[in-house]
Each structure stands twice: as C-alpha cells, then as structure tokens.
Amino acid sequence: MTASTEAPRAAEWPALRPHLSSFDPDAFVRPVDRFVWEPVPVPHPAAAAARPLAGRRILLVGESAALVAAVAGELGERGALVVRSDPGTPLTAEGWDGIVDLNVTGRAYELGDTGWRSALARTTAAIQAAYGRWSEEARFGRHVYLAVTHLGGLSGHGAGRVPQPLGGIWAGLAKCLPRELPAAGVVVVDLDRSDASAIADAVEREYVAPAQFEVGYRDGVRHVLAGRPSPACPPGPRPPGPEDTVLITGGARGVGFAAARSFAETFGCRVVVTGRGELPEEGEATSLDDEAFALWRRRRMARARTPGELAGLRREIRRADEARTVLGNLRGAAADGLRITYLRCDCTDAEQVESVFAALGDGPQYVVHNAGIDEPARFDRKSAESVIRTVDVKVTGFAQLVRAILARPERRAALRLLSNVGSLAGRMGGMVGQIDYAAGNEALARLGFWARDDLGLPVQTLCWPTWERLGVIANYSAAVRYVSTLDPIEGARRWAEEIASGHTGETVFLGRIGAVLAPGQLRGFGMLTGHPDLPRLHALDHHLGEVEEYALFRSMRTRWTLEAGAHPCLTELRIEDAPAVPVGVVLEHLVSAGDWVVPEGWPLLHLREVHRFAVRLAGLRFTGGRLVLHRRAEGVRRDGVWQVDVTVSDPAGEHVASATLVYGPEPAALPAAPPAARPEPSRPAGPDTGWLDWSGVVFREERPESGEAGGFALTPVAPADLWTTSFPPAHTLSPAAVETIVRETDRSHDRDSPGTLTIGRLVLSPGAQRVDLVRRGAVSGQWRGARAGHEVFLAEGVALDDGS
C-alpha cells in the first residue's frame, strides 16, 4: 500500500483544518437564502457577581445631558466609576474600562432630526480615544462597548412603535466593532423605556461578558433576535406595470442599475435613476470599451511627474470611468427598448429631491432608496466628518424622500412602496473599514419600521450581501473572505420579486459565511436557523470554549469545561478507574485551535502535520465529575511555513497536552509505506497494565486482522456517536483510529503509572476525516491509516512512558 504520487486537484481536496471556509478568492459566488429576523424570549444571564459593575471605570456618553447625569448616578450606586462626557464638553483623558453609549436615547425623534450628528461625532471621538489600547488588549472582554437604544425593546421588530429609530446607527456600529477590536466585548441593549433606572438595570445585567450581540427588554422580558429562512413572498395585488414609475436614488451604476434593468424588463415600467451630478457629457473616453479604456488609463497615468499630478490624474480617471459607465448603461438600456432615464439628485438635498418629484408629476409609485457611499478605512483613521457623511446619505436621504412624499396628498396616494436598500453589514456586521457603512444601513432598516408604523407608509428594507463585481465595495478580494457574493442575475430577479410582493418589513439575503470570523462574532450566528454553514459554525463554537485572551493573527487562550457523562464520548474511558476524556477528543481540541490562530490575510491553508503531540494521561481524569482545560495557542511563521504551538493545562497550570500544528497551501503527501514485515505476536484482549479501560460502547476493541500487515478493521465512529449536540462537530482524524493506537500502545508498554503518550509526527492527507482502517508498520511505533487503498495519515514515534 503506497501513497499516490499524483497530487489531487484543489477541487478534490477535503477541508483539513482550518476549514477551506467555502470561498474562492477569485469567484466566491453562491446562491443566497432569504431570511427574516424576529424577537425570541430568552432567560436573563446569570450574574457574574453580586455587584458586577463595582470598580469598573465606564465612560458614559449621550446626547441628553439630563439623561447622562441621571444614568451616571444610577451606575454609581451600583459601584461603577463613571466618567461623563456631556454634550458640549470636551472628552476627558482616556483611561476607562468600557463605554456605555446612550447616543440619542432620551430624545424624541422627528423626521429629519439632525441631532444624531453631534452624538455620532462624540461616539467616534470616544471609540478613537480608546482604539489604540483596546486593539492591543488580548484579554477577551476586558473592555466593553455597550450601546443603549430605544427601539421599543425588540430591536425595532415585532408589534409596537419604534420610539427612536436613529438608535439603529449605534446598533450597526456596535455589531461591526468586533472586526476591528476582536477582543472587546460588544453588545446592543434595546429598551422599551428610556428612564435612568431601566437603563442602569440593563447595563448591570449585560455589561459583563456579553452573551449576544443584540438584547432587548420588552415589559421586563429579555429577548434576542433569531433569524429563520423565509420563502419568497407571492406577488401582491398590484405589482408594477407599464403605467408605473420607479425612482431609484443612486441607480445609474452598479447594483442600482442592475435593479433598474430588472424592473424595466420584468414589469415594463418607467425607471428613473439618479446621481449627484448632471448627466455626464460625451467625452474622449466615454465610448471606449474596457480594453480600450484600460489603454487610455495607462497613457494618462504615464503623464504624472509628481505625487500631486498622480492624485489629480487618478481623480480624473475615476470620473471618466464613472461617466463611461453611466452613459454606457443608458445607451444599452435604450438599445434594448427599456424606459430608463437619468435625473440629477443628491438625495440629502431637500430642493433637489423636491425637483425630481415635481418632474415626475403625481408619481412615482415606487421609490427605491439605493444611494450610499463606502469609504473603507479602519475606524481610527476616519474623521468624524467622514463617518457622519457616510451615515448621512442613508439617514438624511431617507428623511428627504419621505418629506417629499408627504408634501403633497397626491404623492402619498400614488405611493405603493418605498424600498430601502440595506446591507448585511448592518444586520450582522461588515468587514474591516465598514463601521460607518454598517451604521447607516442599520439605521435605514429601523427608520423603515418607524415610517411604516408611525406614518403608515408602505416601507420594506432589503439587506444584501456583496453583489459579484458590482456596488460600492472598494476591496473585492477582502470582501469575499467575509461572505459569499451574489450573482447579479439572481439578485435582480429576487429584487423584482420583493418589489412585486409589496411586503413591508426587513428581508435579509445571506449566502455562505467566509473565513473571517472573530470569536465574539459567533454570538451573532447563535440564533440563526436553517443555514447551510451552521454545522461548521457550531463546530467552531463547540471546541472554542470560553475565550480568555485573543490577539488576532497571534494567539488565543480559552477555557473548555467538560462534564463527565454529558456526551457519549465522555462516558467511554477510565484511567486508574476514574472517568476520563479520550485522547482523540483532546487531540481534536488541540487541532481546532488552528481555526482561530491564522496568518494575516486568512490564506487558504491545510493542516499538513501535527508535531510532538504529547498527552499526560492522568491529566485527562475528571475531578468531581468535571474537567477544565486551559488551551493556549500561538501562531508563528517557522521554517517558512505557518505553525501553531498549542498547549493544554489544568487549572493549576500542570501540563495536560501539547502539540505543534504545521500548515501548508496544499494537503500533505504521505511517504511511501515501508516493506511489509511479519506482525508482532498478538496480545490477549483487554489492557495489560490496568491503567486504561474503555467501555467499548463508543470505541469498540478491535481485533488485529490476520496476515502480514497486521491491520485493524475499525468500526466507524460518526460525530453523532461522540456528541449529543444539534450539530455534532466532524473530526479531523478518525477517533476510532486514535483510540486504537492508544489501546495497542498501552498494551505494548510496561510502566508504573498511566504515563505520557507521545506521537512524534502525525502526517495528514485528504480523507483523514473518513479513516476506518489502521495498520501498524514494520517500524515499531509507526501507524498508518487507509480507506479503500488511499493512505490518509502516518503516525511516527508513538510511545508511552512514565515521564511527563
């Protein structure tokens, strides 16, 4: 039995940890599913201490000075050391442990209110003052950002009014923070009351070790938002028709124009798209195709002689490309007989919005608020003005559109639907550099609920992922590491379905989850159901445990608590007649650390080898029915490859297990098997020493096969045989193979204690998850696994001794 000399193609490689994350950096296009979110009651978290806020230095910010003062007093009575940042006063020197952000809570909302701008500037200053220290802090949850919103206690969902929809700005901002501050605790607490006592009670419950991203309190009952699949709505009684007009803000390029074409083709309606400037004039480059434009661009760039000239030419080329796109889109639509026209309109400008509506007579019947800007940069590098500008397009743009609709009764009567274009960035957190973009989009969804319920307008919000090569995403190669992209053909079709249905509410389109996840962000998926990536996400969470420290691209420390008998695999092994955790479970826990400690950029990697795996068997025993394992993982580029050093210890700091994980861009190729040798004489059944004993319920005692090779035909063990969870985590290496190696090694070594099991080198290749045959090689202490003649792992240097 020899290893294949032909390397498998990339498409044939099974996922060896870290998971291949289901994305391709060149074309991560996947179908999307339609989801809706709804509030679900959940229990209150257990108190960490009698006075959890005692001694915590908290910066309190908010737009209402009276509310800030009252909440400061309430938190002070609960033991917090409160530093206030009142409106109109400069921010004090940074040194707080956390930020409690009241933002615009306590202020009534009126259409077009701009008080949020000063509140957002204050939030920006506070986060930026803490950013440097918080980003370097590895202790998980040492610093906390808690945003209080007043959306009705159910995060804007469910029955009832949304008192202050602009709280959505801070909800979106908070959910994106873990991308840039991965060790910080982040939570949004939504309330149905805005009095100081209710706020302080909620902060006291949720501030320490936040368990969910979004928590709501309605009538004293704690809720979280749960996402579930939802079928597409059927067409409504009056879908768009040839007599109707659809107005799309920012619709002349990208996603907006894809929607414009879809509506014009599907419904035969008139579509008006807008841009901030006048319709571009024909110029030198506007009629060029892509190849010719690329040549023109190179020639223009070659003229630059100074940095200033280069910057100016880049702006000129960008404007020329935008003009070429707009004119090309309109020419193409006209050639296809589609009724798509262009009007100038900055949607944040009341006069321009009114001018567009006046030009459309009694219409439009459909308004799509698609305008948006995305200027990606880490939050500490953004000015308050740029943050406000990004949010303003969504928030003020929506207000101006609603004002124009309500300005004349005939417009209000003509409107059938106002459709907001939101984003996954707001609903679930966006990529690095998108904190302000997420804030604007999440605010838009909450404004939609408010306008529907308070004004009686038919409003829907559609939250989209990145469209493949379309839209405002500036860094496509980075975007696909977060979530899969949407095929524009599918997106346009789904958008037409949503418009035709006329439903009012929030709909989320979600594809596959990519590689970029922070440990805290798993909380955002905890209440998601019916998604194809849930097995992978739950497997990540299963072995993650409680995070104690996390430094992105460098290290992680976690605590994993196991209860004897809680799962089938935890009832199987006894060491010195005490219940214990099987070695294969500990090995899998070690290996799973590599899912989180990854190189910068999240490249596609395979786990190729495990070096120097050592486990002190006595350390696997339960004490008082419980075993607590502290895992430390540190990543380093060593010998030209990415490696992760992992150690596991008990609460006293005693060594339990350790290994080094070695990764590469391709799976490992196993060395050829040595010549077959006569097998060692078989030993009697059962352990010789009496130190280790398996019940045989999960891991059966396998008999050696007869013949020269001395193999063991293993009984396959499925993940569900090990773990009684909704999504039992798949194993990287067959647990039956590991336990057979441990059992047979135990029989082959005489010693005076359970000892330390070591494997000098474990080589993995594709198929390791499906091992069902183990062979002992000619060299003592070498084991090989195979399935259907394909070699899948090689364990060398297997030994068991009394040392540690």
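In this predicted model, helix α1 (residues 65-77) and helix α4 (residues 196-206) have axes that come within 9 Å and cross at roughly 50 degrees, where axes are lines fitted to C-alpha atoms, for helices over the stretch in contact, and angles run from 0 to 180 degrees between N-to-C directions. The helices themselves are DSSP runs (H or I, at least four residues; strands are E, at least two), numbered from the N terminus. The angle makes α1 oblique to α4, given that angles under 35 degrees count as roughly parallel, over 145 as roughly antiparallel, 65 to 115 as roughly perpendicular and the rest as oblique. The crossing of α1 and α4 is right-handed, a term that applies if the near helix is turned clockwise from the far one by less than a right angle, anticlockwise being left-handed. On the α1 side, Leu 67, Ala 70, Val 71, Glu 74 and Leu 75 meet Ala 196, Ser 197, Ile 199, Ala 200 and Val 203 of α4, contact being defined as heavy atoms within 4.5 Å. The residues of this contact divide into eight nonpolar, one polar and one charged, with Ala, Val, Leu, Ile, Met, Phe, Trp, Tyr, Cys and Pro counted as nonpolar, Asp, Glu, Lys and Arg as charged, and the others, Gly among them, as polar.

Residues are numbered from 1 along each chain as its sequence is written. Local features need pLDDT of at least 70 and side-chain atom pairs count only at pLDDT 80 or more, while totals for chains, interfaces and linings use all residues, and side-chain values use heavy atoms, with hydrogens and water left out.

A second pair, helix α8 (residues 350-359) and helix α9 (residues 384-407), packs at an angle of about 45 degrees with the axes 9 Å apart, which makes α8 oblique to α9. The crossing of α8 and α9 is right-handed, and the contact is made by Ala 350, Val 353, Glu 354 and Phe 357 of α8 together with Gln 400, Leu 401, Ala 404, Ile 405 and Ala 407 of α9. By class, seven of these residues are nonpolar, one is polar and one is charged.

For helix α5 (residues 254-267) and helix α14 (residues 488-501), the axes come within 9 Å and cross at roughly 65 degrees, again in a right-handed crossing. Residues of α5 including Val 255, Phe 263 and Phe 267 meet residues of α14, among them Arg 493, Trp 495 and Ile 499, and the contact comprises 10 nonpolar, two polar and one charged residues.

Individual sites were also examined. Arg 122, in helix α2 (residues 116-136), counts as buried at 13% relative accessibility, where buried means under 20% relative accessible area, exposed over 50% and partly exposed in between (1.4 Å probe, protein chains only). Leaving aside neighbours within four places in sequence, Arg 122 is in contact with Val 61, Gly 62, Glu 63, Ser 85, Asp 86, Pro 87 and Gly 88. Ser 765, in the loop between β26 (756-764) and β27 (773-776), counts as buried at 3% relative accessibility; Ser 765 and Arg 608 are 157 residues apart in sequence and 6.8 Å apart in space, C-alpha to C-alpha. Helix α17 (residues 583-592) is mostly covered, with 10 of its 10 residues buried.

Over the chain, the secondary structure comes to 19 helices and 29 strands, and buried residues make up 56% of the 804 residues.
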